[in-house]
Amino acid sequence: MSEHSPCLILGVTGSIAAYKSLDLIRRLDGEGVSVHVVATRNALPFFPLMPAEIFSGHPVETELFGTGARPQDGRGRVPHLALLERADAVLVAPASADFIARMALGLADDLLSTLLLSAMVPVLIAPAMEEAMYRHPASQTHRKTLLDRGIREIPPEAGSLASGKTGLGRMASVDRILEILLPLLWKSPPAHGSLSGLRVLVSTGPTLEPLDSVRYIGNRSSGRMGQALARAALARGAQVTVVSGPTSLPPLPGTDHHPVTTAREMEDRLRSLFPSHQLLIMAAAVSDYRPKDPVAGKRKKDGREWTLSLLENADILKGLSAMKKPGQFLVGFAAESSLDPASLLEKCRNKGVDLLVANDISRSDIGFSSPENEVTLITPAGEFRILPLADKSVIAGQILDAITATGWPNLS
Ligand code: CTP
């Protein structure tokens, strides 16, 4: 993580949902965010400190004037001010009913509450509590006080609660928290990230090939891997353009987003955008075939078989690699039902890419709709490297780091 990565102070308070904060830290780390955790005393029974320190790479701070938080420069500043100096935002997740009340009252009797009184950066809370506590007039009054002060709430969700009951009060999912938090942290992309000053083009999602005006041939790509790569490139300071087939994901804030539907639309858009970008990551699952004679309107049933003829779509990536100019770097993906090294190397060379990222689509725990992936990186020189099973955001960061580790871009 560079010294220019966005920096978040994550406050963890006394709620069973604190276990989810571990996953949040891991995901944020994968997104290139530097996370400093401050836990309240009430959080400690619920929150495993050692994994939190390993995932965040920083000590978990708990004491207002304790030994855990020494300013890096030894200038002897009090911990809450030293932590705040680098922070781009503070998120309290989970925020217990008690802690929300203490924030509303402006108490300052521990590190997290004191730090929040001095915070000049955006503050967010992700409440977690039983439904009755959340709906209690006292909690609602405290909550409203915080919202009136400009503090943003990531609302709790309905589901099973610690009491065994079902209702409103679960801390928002990690995905939901990231969706709200990350655009805030990336408002000003890092000026000195490993990709700063570079334009990165990412293709993502499936392409859909119409059979008639309502039916199509498609595939199961969710677009998550491409989205994670676009995020990771933003976090490294790149200007990012995304060409996306239809997915359920919202366009990523901070990117130049181009929605397309068919392989031919994707090809046209990529061919016009490619010359102005230095790095192309072709993560889209392009349909290899399209119906030869799509029907205008909706085809009516007529009691007979419907025989389809399919035409092969152009290989977009191969066409782009033929247009490649010096200084441009191309990354292709390979969806394979078995990872045979010889055919992977052949695909890498045949496509003319600088790096091929291979997925094993026969495994049910990774790929398409899974949040996790495990991939093999292949270079045209025949180097192979496995990136072991991890969240797609973590894998995305590792792919970008592998690209810059090749020595590209050589700007000297
Ligand atoms: N790709 C492309 N245009 C196509 C098909 C694939 O640009 N018509 C790109 C994909 O985006 C990916 C890479 O080529 O980056 C490899 O895709 P993959 O589906 O693994 O390979 P195919 O070229 O389709 O070959 P095959 O399915 O026969 O192995």
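Predicted model: local features only at pLDDT ≥ 70, side-chain atom pairs only at ≥ 80, totals over all residues.
## Surface and burial

Of the 412 residues in the protein, 50% are buried, where buried denotes under 20% relative accessible area.

## Overall dimensions

The C-alpha trace spans about 70 × 60 × 35 Å along its principal axes. The radius of gyration is 24 Å, which agrees with the value near 22 Å that a compact globule of 412 residues would have.

Among contacts in the protein with a separation of 6 or more, 67% are between residues 24 or more positions apart.

## Charged side chains

The protein carries 43 positive and 43 negative side chains. The centres of these two sets lie 5 Å apart.

The secondary structure of the protein consists of 13 helices and 19 strands. Five strands form an open sheet with parallel pairing, in the order 2-1-3-4-5. Its edges are strand 2 (34–39) and strand 5 (152–153), each of which pairs on one side only.

Strand 3 comprises residues 89–95 and strand 4 comprises residues 123–127. These two strands run parallel and are joined by four bridges. In this pairing, Leu91 stands opposite Leu124 of strand 4.

Notes
Residues numbered from 1 in each chain as written. Heavy atoms only, no water. Rg over C-alpha atoms; globule rule 2.2 N^0.38 Å. Buried < 20%, exposed > 50% of the residue type's maximum accessible area, 1.4 Å probe, protein only. Contact = heavy atoms within 4.5 Å. Lys, Arg positive; Asp, Glu negative; His and termini not counted. Charge placed at Lys NZ, Arg CZ, Asp CG, Glu CD. Pairing = 2+ DSSP bridges.
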